[in-house]
Amino acid sequence: MAGLAHDGGLYMPEAWPQMAAADITSLSGSPYPQLAASVMAPFVADALSSAELSALTQQAYARFNHPVHAPLVQIADNIFVLELFHGPTLAFKDFAMQALALFMDRELQASGKRAVIIGATSGDTGAAAIEAFKGRAAIDVFIVYPHGRVSDVQRRQMTTVADENVHTLAVKGTFDDCQAIVKALFNDADFRERWRLSAVNSINWARIMAQIPYYFSAAIALGAPHRPVSFAVPTGNFGDVFAGYAAKQMGLPIERLLIATNGNDILVRTLETGRYEPKGVAATSSPSMDIQISSNFERLLFEAGDRDAARVRAQMNALKQEGAFSLSERELAAIKSTFTARRADEETVARTIRETHATTGYLSDPHTAVAIAGAQGELAAGANGPIVVLATAHPAKFPAAVERAAGVAPAAPERLRGMMNAREHFTVISNDAAAVASIIAARAGAKASSPLFSAGLAP
Ligand SMILES: *Cc1c(COP(=O)(O)O)cnc(C)c1O
């Protein structure tokens with residue numbers, strides 16, 4: 001339930017559960033929800049019975065509209081695309097968010113408590129959270145986004161959801177203002193306790209955990225445990241690629257993990273120089289990777305420094321106080337033994353979309369194209385194949401950029417078409433944390449005091 005530990009650090013498993021070759025082989029042929037339950041089971045231990053866990057993953061992935069959930073498509077001799085966009089909001093975040101919502105709801109129902117989820121979004125995360133948490137009995141979800149500054153598709157994905165526990169707030173300000181509001185509410189300890197505020201951003205361990213299974217399903221489809229594979233991952237906050245690292249630590253034969261970034265390349269620079277130093281963010285055609293700080297990289301630091309928490313704390317303090325920190329030669333070598341990082345600038349992304357479409361007929365979204373370019377770079381530099389590219393979003397989520405690059409518009413899936421005419425629900429509010437706080441108090445409070453929800457409530 002707690003995204004962030006009380007000392008400001010991130011949760012990590014005490015040890016990596018191990019899957020032997022025979023365990024991996026035994027997953028072969030399992031339907032995705034069953035495979036996901038098997039891979040997550042050791043992290044859940046006895047908090048859930050295996051029957052309960054299976055029922056939860058069954059429910060979490062029931063709304064995906066592809067029979068194999070995460071299909072693999074070959075686009076070149078040694079390049080396979082793993083399509084992770086067949087969930088309700090057409091982006092890979094559905095894999096983790098759908099499961100997280102059910103885990104949280106079950107925990108709250110069991111303890112008779114309610115919680116308030118609050119998140120700031122520039123697009124994808126808000127939609128994934130709303131789709132996952134809508135209709136959950138014990139949870140209200142408040143999403144704040146910058147009024148007039150998200151795309152039509154992104155806004156409609158959030159505002160056309162009519163469930164009573166979903167509250168979409170359009171703030172008259174920028175995305176940074178939205179983040180500042182959420183931060184201010186979390187920093188108010190009384191408010192945070194009173195409403196049991198919870199965050200669902202990508203540093204929540206349960207989200208990372210729920211992203212591990214598709215590395216297994218893809219590698220098994222390509223011959224694991226007998227054949228090693230590499231993965232190229234469009235990277236922003238480092239959650240998705242860290243899930244790949246977790247799969248490797250669990251025993252999945254992964255050869256290399258490619259951190260694929262757009263021009264916001266803090267991780268490429270870090271692997272080149274050994275110095276982690278945020279610079280400004282530039283807007284790109286792959287907005288979900290436009291980050292300045294890559295929060296989950298802290299988890300890899302912990303691993304690379306032999307799990308020395310004091311060392312990570314010192315590095316994080318240096319980041320706060322001096323705006324940067326350095327990695328030791330040993331830490332850098334440990335990271336480079338598994339990870340490579342490559343950046344793709346805007347021209348490369350557009351060319352990759354165009355050429356991939358022209359040569360194979362495959363239309364990729366800009367985030368995915370960043371990783372396709374990275375995989376091509378790796379193979380050209382002599383890497384062993386096969387490389388699996390994680391396709392993190394459906395091209396129809398970013399129609400303008402795709403059409404500009406490829407000259408054809410991606411066909412909108414049924415899900416998007418219905419949405420474009422549905423009624424929207426949102427409240428425009430001033431750029432002010434107090435305004436958001438009073439809406440939370442009024443709306444979550446109204447439900448909290450109704451007799452239906454009276455068990456074990458916050459005051
Ligand atoms: C969130 C997101 C990413 C980045 O994933 P991280 O886990 O933050 O590295 C990449 N592509 C898309 C489409 C996303 O929504």
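**A pocket and its charged contacts**

The lining of the second largest pocket comprises 16 nonpolar residues, one polar residue and three charged residues. Please bear in mind that this is a predicted model. The pocket has a volume of about 600 Å³. Of its 20 lining residues, M1, F103, W205, A206 and M209 lie nearest the centre. Which helix gives the most to this lining? That is α4, with five residues; α2 (32-44) and α9 (205-209) are also among the elements that each supply at least two.

I turn now to the salt bridges, of which the count comes to 16. R330 pairs with D306, with the closest N and O atoms 2.9 Å apart. R330 counts as exposed, at 62% relative accessibility.

E331 forms a salt bridge with R311, at 2.7 Å from N to O. E331 belongs to helix α15 and R311 to helix α14, so this pair ties together parts 20 residues apart in sequence. Is E331 buried or exposed? At 4% relative accessibility, E331 is buried, whereas R311 is partly exposed at 30%.

A further salt bridge joins R342 and E378, again given as N to O, at 2.7 Å. Because R342 lies in strand β11 (residues 339-343) and E378 in helix α17 (residues 366-380), the pair connects parts 36 residues apart in sequence.

Technical notes: Residues are numbered from 1 along each chain as its sequence is written. This is a predicted model: local features need pLDDT of at least 70, side-chain atom pairs count only at pLDDT 80 or more; totals for chains, interfaces and linings use all residues. Side-chain values use heavy atoms; hydrogens and water are left out. On a 1 Å grid over the protein atoms alone, a cavity is a set of points where a 1.4 Å probe fits but cannot get out, and a pocket is an open set with protein on both sides within 12 Å along at least five of seven lines; lining residues have an atom within 4 Å of a point. Grid points are joined across faces, edges and corners, and a volume is the space filled by probe spheres set on the points. Helices (H or I, at least four residues) and strands (E, at least two) are DSSP runs, numbered from the N terminus. Ala, Val, Leu, Ile, Met, Phe, Trp, Tyr, Cys and Pro count as nonpolar, Asp, Glu, Lys and Arg as charged, and the others, Gly among them, as polar. A salt bridge is a side-chain nitrogen of Lys or Arg within 4 Å of a carboxyl oxygen of Asp or Glu. Buried means under 20% relative accessible area, exposed over 50%, partly exposed in between (1.4 Å probe, protein chains only).
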